[in-house]
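Subject: Structure handover

Hello,

Here is the structure you asked to look at.

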Amino acid sequence: MSPIQTVHLATCPLDCPSACSLKITLQNDKIIKIAGDDNHSFTQGIICGKMSRYADIHNGERINQPLLRTGKKGDGQFKPISWNQALERISNEIRHASKHYGPESVFPFYYGGTMGVVQRAAIDRLTHKAGFSMIEKTLCSPIAESGWSAGVGAHLGPAPEEMVQSDCIVLWGINAAVTHINIMSFVKQAQQNGAQLIVVDPYQTRTARRADIHLNPRPGTDGALACAMAHVLLKEDLVDRNYLSKYSDFDTDVEAHYKSRTPEWAEQITGIDAALIRKTARLFGKAQAPFIKLGLGMSRQNNGASNIHAVSTLPTLTGAWKKPGGGALLMTSNGFSVNDTPVRHSQWINPNTRSLDMSRLGALLTDQALNPAISVLMVFNTNPAVSCPDAGLIRQGLKREDLFTVVHEQVMSDTAQLADIVLPATTFLEHADLYKSFGQYTLQHTPALLPVTSEARCNHDVVNAIAQALGYTDEAFTGTVEQRIEEIIQVSGLPPIAQWIDQHWLDMTPSERKRRFLDGFPQDDGLFHFRPGWSNPDMPDLPDHWPVNQRDRLSQEDYPLDFMTPPDNVAINSTFSLVPSVQKRREPPTLWIHPNDADALDIGEGDRVLVSSTTASLTFLAHRTQRVQRGLCLCEGMHRAEAFPEKMPLNALTRADRTEPNGGPALHDNRVNVFRVSAKDESVSA
Ligand SMILES: Nc1nc2c(c(=O)[nH]1)N[C@H]1C(S)=C(S)[C@@H](COP(=O)(O)OP(=O)(O)OC[C@H]3O[C@@H](n4cnc5c(=O)[nH]c(N)nc54)[C@H](O)[C@@H]3O)O[C@H]1N2
Ligand SMILES: Nc1nc2c(c(=O)[nH]1)N[C@H]1C(S)=C(S)[C@@H](COP(=O)(O)OP(=O)(O)OC[C@H]3O[C@@H](n4cnc5c(=O)[nH]c(N)nc54)[C@H](O)[C@@H]3O)O[C@H]1N2
Ligand code: SF4
Ligand SMILES: [Mo]
């Protein structure tokens, strides 16, 4: 290595459960290499291809100065303005809206562009101070969280690194080889020690290809599958009755309920052969330490919460929680005792202020009855024009002439294209932050590693500048990111960063007793709940199949196929989708369809097909493949509007209905009809 190269530790800021610890090689402020940190307990030297190519974002086509719209909304025509001009215009619009329609007519909207504690939720403090509408952050995890809370109680569990000690790993509704790659190195180590790998996913993902057993239920039928496995465990005495009576509310009524949930019953619902369900249940029941890693993907269904709860009963039935290498893990988020009051100032919340469901942005922007209507939308860290469901309605809303939209962004995203003012944002290499994780238990600190060479500012500074332009003089709207980090560490009672491992990370893994629930579950009665006690009485009283999916609601004739929209390997949500090297590697929007379904519709490989849902119709290229089951089709990758001839993003096809019991969109629960438009290479007439 040449002497002027330096290596620095950092954290991947992207919305990914791994939150990898990075080793960044710099030379004269240029990124030479981004690799995984070998000394970090979870990362173990491995990161994904996306982050190793992050220089393409950092050095790529960035927004470098504030921009003001000059053309029609969505035309993409802007002219540069100064920060002072931008702040003056934004504060005037906010003042005007607050005065005439009340502060709730201002809606600050943020999500997962950066997951850093200081940057991500920075706007919350201004929201609470000024009484703007609050955001209900439903887009990703609330369905799964509701399901997990119902049984286990809190979002923690055994550490993911412990999977290597398991002799039977179940990856349930998670495509870890694409979405959470570090997990796959633990799976590999366990497999080398003889562990069996079971993958439960409606299609043959990259992850499923590595499985000893791949169960492919119809989407939204995991509740039935889990109940049938429970039936076999009980019938064949593969349960730990002492554990059940000490640690759960299991009783004879629960047992009687499972009696009718036979594998044959489940076969009708899931489409999986009863004999295979029995075989899998026995393998799971006889394992010394079975470990289930649940994904958020399986929760993106109308009955997703109920399904997650049903799966979480399995380690309780076998008592696997108490065994090293066993148990189950959805998310690690409650393992972190980090007090973010210095960032968010939640003590300022006025309990009468409304919260708006982010996943329903389209309806919110176009609802004539919403009072007050949204007049000012401030977007940070998110690209809702692409990532939120029913995106056609969102675009319609963003084009409203009486809406003033500010977007703080690194790149000209689809949402930024529809803004009135675009503000330039720094990347994680240019600003400091603290990073928790939802997939592992380390807290990481990352300083700013590179100077800001444009007019870009970080979220923390932009929020403070807007607050100051509005006349707020509170200390909360002053100071540096580093000061804020110090405050968080102090109020959280954490050791100073100088004492952290490599001055970079702190191991916050809960004690064995806590993460294995050896002293009871984090529920009021200390028990795991087989009775979920849903707030909605229409939901099943016990683990079950709850038939409320699109399949159960729509006519089979109008919408004969299930349709899922999982991520692909090259992008993370819509991040990276503007990078030319990624665009080159990415397939055009492709519809995976089973050859028998394709034959019935006269669809050949590479044909153009129109996919129609209840919300929109978009054109794809057909790919005939046995990797999807009959009756299911899907498109990998959250494609943006430009990728389709209709100039609408993939999410135009998904619905924004709130799922039960606590909201969240059922992004993988869609029904569609598919029509052949033209054969491969045949030109389409206008
Ligand atoms: N159909 C379908 N839809 C989905 C999903 C799916 O599987 N299928 N997945 C869902 C999931 S799991 C999620 S989490 C959401 C994600 O949805 P979003 O949170 O909208 O994620 P991205 O689309 O990646 O957009 C993040 C944006 O933040 C910007 N950004 C990055 N860092 C910063 C920063 O420091 N400051 C500012 N101001 N901006 C920054 C990036 O450039 C990027 O444009 O999408 C959901 N949508
Ligand atoms: N490459 C890449 N990595 C990512 C992301 C990305 O966009 N790209 N996004 C990141 C984010 S924000 C998140 S939240 C995570 C999400 O990562 P995951 O938790 O893996 O979630 P998904 O990828 O949405 O879906 C996982 C799998 O669930 C399956 N699935 C859908 N419905 C059902 C069902 O009813 N039952 C079962 N058993 N399976 C079902 C899908 O087929 C899919 O293969 O990934 C993160 N990592
Ligand atoms: S695996 Fe996830 S956390 Fe790790 S580098 Fe890739 S995107 Fe970032
Ligand atoms: Mo997510």
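The model is predicted: local features need pLDDT of at least 70 and side-chain atom pairs pLDDT 80 or more, while totals for chains, interfaces and linings use all residues. Residues are numbered from 1 along each chain as its sequence is written, chains are lettered from A and ligands numbered from 1 in the order written, and side-chain values use heavy atoms, without hydrogens and water.

Ligand 2 is surrounded by 32 residues (a heavy atom within 4 Å). D201, G220, D222, A571 and N573 are the closest.
- D201: a polar side-chain atom at 2.6 Å from a ligand oxygen.
- L296: a backbone N or O atom at 2.8 Å from a ligand oxygen.
- V200: a polar backbone atom at 3.3 Å from a ligand nitrogen.

Around ligand 3 are C12, C16, S18, A19, C20, I47, C48, K50, M51 and I181.

H445 belongs to strand β18, residues 442-446 (strands are DSSP runs of E, at least two residues, numbered from the N terminus). H445 is buried because its relative accessible area is 13%, and buried means under 20% (1.4 Å probe, protein chains only). Beyond its neighbours within four places in sequence, H445 contacts T11, D433, L434, I485, I497, W500, Q503 and H504 (heavy atoms within 4.5 Å).

Regards

Methods: Helix = DSSP H or I, 4+ residues; strand = E, 2+ residues; numbered from the N terminus. Buried < 20%, exposed > 50% of the residue type's maximum accessible area, 1.4 Å probe, protein only. Polar contact = N/O pair within 3.5 Å; in protein donor to acceptor, adjacent residues only side chain to side chain.
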